[in-house]
Amino acid sequence: MQKFHALIVGTIFAATACTTVLAADSTVTIVLSEELDIVDPCEASRSNVGRVVLQNISETITELNPTEGLKPRLADSWEDKGDGTWQFKLHPGVMFSDGTSLTADDVAHSLARIKSPSISCEIGAKFFGGMELTSKIIDDLTIDITADPAQPILPLLLSTVTIVPAESPMDSFVDKPIGTGPFIFDEYARGQHIKLSANPNYWGEKPAVESATYVFRSDSAVRAAMVAAGEADIAPNIALQDAVDDKMDYSYPNSETVYLRLDHSMEPLNDVRVRQALNHAIDREAFVGTILANGTLLATGMTPPSTIGYNHSLTPYTFDPEKAKALLAEAKADGVAVDTEIMLIGRTNNFGNVLETMEALLAMYQDVGLNMNLKMVEVAEWLEHYSNPFAEDRGPEIVEAQHDNANGDPVFSMFFKYASEGLQTGVRDPALDDMIASATALTGDDRKTKWEDTFKYIHEDLVADVMLFHMVGFSRVNTRLDFAPSIRTNSELQLSQIGFK
Amino acid sequence: MGLVIIVFFLSRLTGDPTSLYLPVDASQESRDQFRVIHGLNDPILVQFGRYMGDLVRLDFGMSIRRAEPAIDSVLRGFKWTLQLAFITMTLVTVMAIVVGSLAAFRVGGVFDRIATFCSLIAASAPDFWIAIVAIVVFSVNLGWVPTSGTGTPWHWILPVSVLFIRPFGLILQVVRGSMITALGSAYVKTARAKGVGDRSIIFVHALRNALLPVITVIGDQAAGLLNGAVIVETIFGFPGVGKVMIDAILQRDFAVVLAAIMVTAFAIFVMNLLIDILYAVLDPRIRY
């Protein structure tokens with residue numbers, strides 16, 4: 001019996017010893033919500049790819065800092081040469097992890113590669129669609145980049161472009177990315193982990209973290225448990241119900257905005273009074289702290305409040321069901337078919353509690369007398385409703401969507417969402433087209449003012465959509481780290497910004 | 001062949017994968033290029049003909065999502081699933097036979113009542129709930145075993161334990177029922193009359209005859225595990241074929257879906273063959 005008892009105690013002791021994290025202080029483990037299928041730097045705009053690759057392995061020539069604005073990274077300076085051309089001066093002495101030097105040729109190749117039709121890189125499709133980029137190499141460290149049509153914010157756009165060596169293939173993804181960043185891609189054991197280690201020849205400041213391991217768990221509760229058990233140091237993107245520890249859990253604006261996209265092309269949604277009624281019928285504040293997390297902000301525009309040109313003077317529509325009913329009655333008296341059935345379309349798993357949110361919205365709309373039904377669809381079917389061209393035989397539709405803009409400028413959103421040619425627009429308004437084009441072409445304070453005017457026009461005059469919420473995200477961070485997640489954690493996780501207490 | 005045809009056309013019915021692979025803001029030009037690169041522009045029958053032509057050469061196609069041969073993704077996952085299923089079913093079989101036989105020996109006794117009660121609970125236990133509770137109790141609170149992942153033998157304890165519970169409950173019930181019948185047989189009474197010991201009666205005389213229905217249930221349970229223990233694999237971050245298959249279905253990665261189904265179908269075919277052979281070994285009256 002004593003032997004049996006000793007065996008049990010020994011087993012428990014051994015198990016405990018084996019599972020206790022004995023990692024050196026300079027090693028971190030990050031648990032992501034999905035296994036990475038591709039690790040190519042030109043896919044770094046995808047959240048979890050970005051969290052591994054962006055600014056860790058591959059750097060950009062400019063970098064957007066949420067508090068300081070646009071900063072140099074691989075480029076020391078840039079200058080507007082006119083006619084859509086910008087000249088960038090690269091930092092001297094920068095080496096790729098394969099030992100070759102960074103030159104203007106690498107930048108030119110990286111720009112060509114994100115637009116390569118053979119691999120359909122997400123960065124190219126997402127940020128440079130409908131745009132031609134041409135490069136002219138002036139010398140090893142100077143390059144002129146021309147965008148057609150001209151892009152006044154080209155330096156900002158280039159904060160999304162990861163720079164790869166000129167030898168990177170144009171027709172296939174790489175599975176061991178090479179970059180100039182502070183870390184080297186060591187190993188990808190598919191289904192298990194990715195390992196990075198510090199780049200001994202990094203041109204910049206040496207990071208405190210010496211190595212990092214990324215593991216993948218799709219269940220939020222497990223990710224949170226891993227940090228609590230000391231098996232992981234950071235779990236970006238955990239669910240609201242798992243963020244229960246004040247010492248480890250952080251909430252922050254996650255750059256996502258939830259809204260209802262209205263189709264202005266047919267009755268009754270083509271009547272501004274109906275669109276106003278749709279806005280007044282919703283008790284937005286009732287969602288916060290109940291279905292949605294505390295800290296969720298009520299939205300008046302498509303981009304997060306930290307974006308340049310966000311109009312902070314706008315206020316959300318008040319919850320006023322009587323006013324909504326009066327507006328609908330007024331429209332009906334003028335012959336608008338307000339009794340037409342409207343389909344409210346939600347996207348399954350779009351964010352936590354999306355179904356509950358959509359059901360509550362539906363109930364509020366039905367309370368003011370709208371003839372509305374809810375249809376929850378998965379992403380592919382949802383895209384058929386959300387993106388132009390819309391189905392010819394559709395009825396009036398309201399599409400729930402969540403839009404991410406962590407890039408600091410409305411241009412990443414406004415054309416797609418509101419210009420007549422935009423892929424997801426429900427509006428065809430020439431005045432708004434002019435405003436977007438004008439704001440896009442301006443710089444500095446003029447640009448900021450024009451965007452503010454545009455936000456106001458969309459929200460108050462056009463009443464284009466039903467803006468709902470700026471969402472918050474949750475991350476769990478081991479207390480041994482000196483690291484606070486921010487809005488950028490939604491798209492990147494710079495290991496060089498992590499310290500140890 | 002029938003399986004390939006059904007899965008090929010059913011998977012295409014789920015829609016065009018382009019919208020899942022490219023960002024929402026991707027231009028129509030990018031979408032068109034994507035369809036051309038992956039042959040999605042061709043008529044469905046042309047796509048099917050091309051797939052069958054490749055299949056003859058055991059080429060399952062390329063994974064769109066992973067940019068590697070689909071069969072590589074599947075076999076990598078299948079290796080883990082096979083190990084998980086083998087370890088789990090070995091433990092389940094041994095434990096269920098021993099406990100079920102002992103329970104059947106004294107029907108209505110304390111051991112039988114406890115075993116029956118536990119088997120009922122185990123057979124209806126929701127594995128996703130048990131998995132999360134096990135992580136919180138044994139990993140977070142007690143720190144005995146890792147929460148999830150792979151790498152050391154300790155990483156196998158929770159997934160195997162959670163997967164063990166339901167098949168154990170089911171098989172134990174079948175063993176118990178089958179053994180009660182066998183122990184009431186004339187040949188057992190004869191053996192007892194001859195003074196054969198209890199252990200020999202249970203594990204030599206009765207068990208062999210009671211095993212045939214048990215093997216059928218073991219086969220069913222093992223087939224379920226070979227298909228991939230999706231929930232357990234997902235929660236514990238176990239890189240098995242079930243998770244590969246579910247991810248591929250959600251991502252419309254058709255080549256991986258088809259390859260996964262072909263590989264698991266082949267594995268189940270082999271396992272059923274082995275079970276049929278085992279029938280013949282256990283019961284000499286069975287001949288094929």
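The centres of domain 2 and domain 3 of chain A, taken over C-alpha atoms, lie 33 Å apart in this predicted model. Eight residues of domain 2 of chain A and twelve residues of domain 3 of chain A form the contact, where contact means heavy atoms within 4.5 Å. By the domain assignment, which is automatic or from a database, domain 2 of chain A spans 62-160 and domain 3 spans 254-472, while domain 1 consists of 2-33 + 182-248 + 478-500. The model is predicted, with local features needing pLDDT of at least 70 and side-chain atom pairs pLDDT 80 or more, whereas totals for chains, interfaces and linings use all residues. Residues are numbered from 1 along each chain as its sequence is written, chains are lettered from A in the order in which they are written, and side-chain values use heavy atoms, without hydrogens and water.

Between domain 2 and domain 3 of chain A, about 790 Å² is buried, and carbon and sulfur atoms give 71% of this area. Buried area is the accessible area (1.4 Å probe) that two parts lose on being put together, summed over both.

The interface of chain A and chain B involves 45 residues of chain A and 39 residues of chain B. The area buried between chain A and chain B is about 3,400 Å², with 58% from carbon and sulfur atoms. Zero salt bridges are counted between chain A and chain B.

Definitions and conventions. A salt bridge is a side-chain nitrogen of Lys or Arg within 4 Å of a carboxyl oxygen of Asp or Glu.
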